[in-house]
Amino acid sequence: MLKSYIARRLLNSMLLLVAISMLSFLFLEIAPGRFLDEMRLDPRVSPDTIYAMRQQRGMNDPLPVRYGRWAGGALRGDFGLSLAYGVPVLNLALPRMRNTLLLTITALVLAWVICLPCGVWTAARPRSLAARLSGPFTSLLLSVPELLAAGILLLLALRTGYFPAGGMFSPGGRPAGTIRAVADASRHMLIPVLILTLAVVPLLLRHVRAALESASGAPFVQAARGLGIPERRLWLRHILRVAANPLISLMGLSVAGLISSSLLVDVLLGWPGLGPLFLDAVAVRDTPVVISVLMLSALFLVAGNLAADLLLYACDPRIRTE
Amino acid sequence: MRARLRLWVAGSVVAAIHVLIVFAGFFAPYDPTEQHREIPLATPFTINAKGDGRAEWFTTGWRYRVLGVVTCSRHLFGASAGGQVFVLGTDPYGRDQLSRVLCGGQISVLAGSIAAFLALLLGLVFGTVAGFYGGWTDEILMRLAELFLALPWLYLLLAARAALPDSLTPGQTFLLVASIIGATGWARPARLIRGLVLSAREREYVHAARGFGASHWYLLTRHIVPETWGVLLTQAGILIPQFIMAEVLLAFFGLGVGEPVPSWGSTLSYLRQPWLAVTAWWMLAPLLVMLPLFLGYHALASTLQQRAAAGSG
């Protein structure tokens, strides 16, 4: 049962990724403006040279051949050579992906750690001050663009000088010793993680509260109250469990928002993540890098949704009987 | 009652900002591209920088066009001959920041609105077709929507921008940017509308009309599409600020309408040189307008949503 469920989900995700790869490949390959176009303007470079360079990079073959070659390579973990740097794309993207994931996963965990207790608290005590303030507070945060939050925090960090703003390590590069490096990196992570957390918390908090409130209206809650189950136990053991279903799917979805926001944060704060790499690749039309980063970002999302599905299977008995 | 008040407040804030932006030429004392190189990074409320003039109401100054048709040169305020007035200071090229914020809003807000209109139109057409006809059409369209939703929107937007030419005139770039944003954002409204249409087509009066031999076109335009207006309106309230932000981000990354044409994104791009923004906070001036505008739109959208929920429940 579990096996067929996982197999179906996996197959779905795979097909989605294949479709995305085909679409993005097609779209970017038929785009006007090629990587070597600028060289044509240079009188010192002969057309033959450009032809040879195109030949060397395999840019003269027909489209299906190029896609087949790219997809075949991608399956073996070879995403081709970057046109700009001439090194395997994966060598460029993997360390940066690790850095981006470091930010997004930390922010995701932090956001959930903040939102679950706050959501339970405000749903359980709808008349408390915190609950009444949380509505306007979340809608204020929701409409603040990330660019503004990022800008203000960045300026604050620069003005006060308490936190490093920009980069992953202090000037002078990665400090010697693992502990020192981790300490330095985590100090640098503070501002970007804060920005990302602020970007997801309002939506998450709202959904947690709404899910809990709707679950608490169920007849079983009244029955449990009548049986004398204490409030704390009722909320944490019973209502939270029923409300978990939409929240778990939301977790998969919130990965999407986080990945988009992290692009902005990476660029603004000089965090060596996927953002700056992608932006540069877009600017110079380094197609293999653009496609690969796009695929990687889709992979995060699909993986997030898959994880949510599996978690849902583990938590919700209703799905198992389907 | 409170909801009504909120609707009024939010609506008037949004309307006021739109008026400011539509008639930006009148409220902006200077041509946003005019450079006053002798006075770069002037602090806000720099009046009379040259020493022999003063600020005046209703002056004549640079020529602008109202709504793209009527040429006019009357301004709300300006400096008398020989003087200068920079209410929000100037940028590193000595361009008046207030004029750049107001005129930049024209690009950003118009691009966001066009994009939202396009996304809603595509969403309406695809969602209605998918929901009404079902079967293979539905399957294909919804798989396509899933494809668009499976990519983080900022990555999708930038990749789409990468696939299109970038050496264009400002007008072409503007249309291109607006249509990319709209074309990448149709999936979410399409899904919502499909859901609505699915339930709408099973209503009894629709079955009755079908029984009387109504054509598909009649059913769609008369009975089914009108049911989606509420959702379309709410979605517009959500999508417009989101797409304004998308244009701002594209311009911020240097992929939108290029200099010297002002846009909120390119005006804000000084944030990428944080030290400049620390010393000259008025480089963040577009946010002074963006924040109330976004707050207003969000309040509008959430009030509309509550109304729709109350109406249906």
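Modeller: Buried means under 20% relative accessible area, and partly exposed means between that and 50%. The model is a predicted one.

Biologist: Why is B:F132 called buried?

Modeller: B:F132 has a relative accessible area of 5%. The cut-off is under 20%, so B:F132 counts as buried.

Biologist: What makes B:Y133 partly exposed?

Modeller: Its relative accessible area is 42%. That value falls between the 20% and 50% limits, so B:Y133 is partly exposed.

Biologist: Why is the pair of B:F132 and B:Y133 called edge-to-face?

Modeller: Rings pair if their centres lie within 6.5 Å, and planes over 60 degrees apart count as edge-to-face. The centres of B:F132 and B:Y133 are 5.1 Å apart and the planes are at 90°, so the pair is edge-to-face.

Biologist: How many aromatic pairs are there over all chains?

Modeller: The whole structure has five. One of them is formed by A:F278 and B:Y155. This pair crosses between chains, from helix α10 of chain A to helix α5 of chain B.

Biologist: What makes the pair of A:F278 and B:Y155 tilted?

Modeller: The angle between the planes is 45°, with 4.9 Å centre to centre. Under 30 degrees would be stacked and over 60 edge-to-face, so the rest count as tilted.

Biologist: Are A:F278 and B:Y155 buried or exposed?

Modeller: A:F278 has 0% relative accessibility, and B:Y155 also has a relative accessible area of 0%. The limit is under 20%, so A:F278 is buried and B:Y155 is buried.

Note on methods
Residues are numbered from 1 along each chain as its sequence is written. Chains are lettered from A and ligands numbered from 1 in the order in which they are written. This is a predicted model: local features need pLDDT of at least 70, side-chain atom pairs count only at pLDDT 80 or more; totals for chains, interfaces and linings use all residues. Side-chain values use heavy atoms; hydrogens and water are left out. Rings of Phe, Tyr and Trp (its six-membered ring) pair if their centres lie within 6.5 Å; planes under 30 degrees apart count as stacked, over 60 as edge-to-face and the rest as tilted. Helices (H or I, at least four residues) and strands (E, at least two) are DSSP runs, numbered from the N terminus. Buried means under 20% relative accessible area, exposed over 50%, partly exposed in between (1.4 Å probe, protein chains only).
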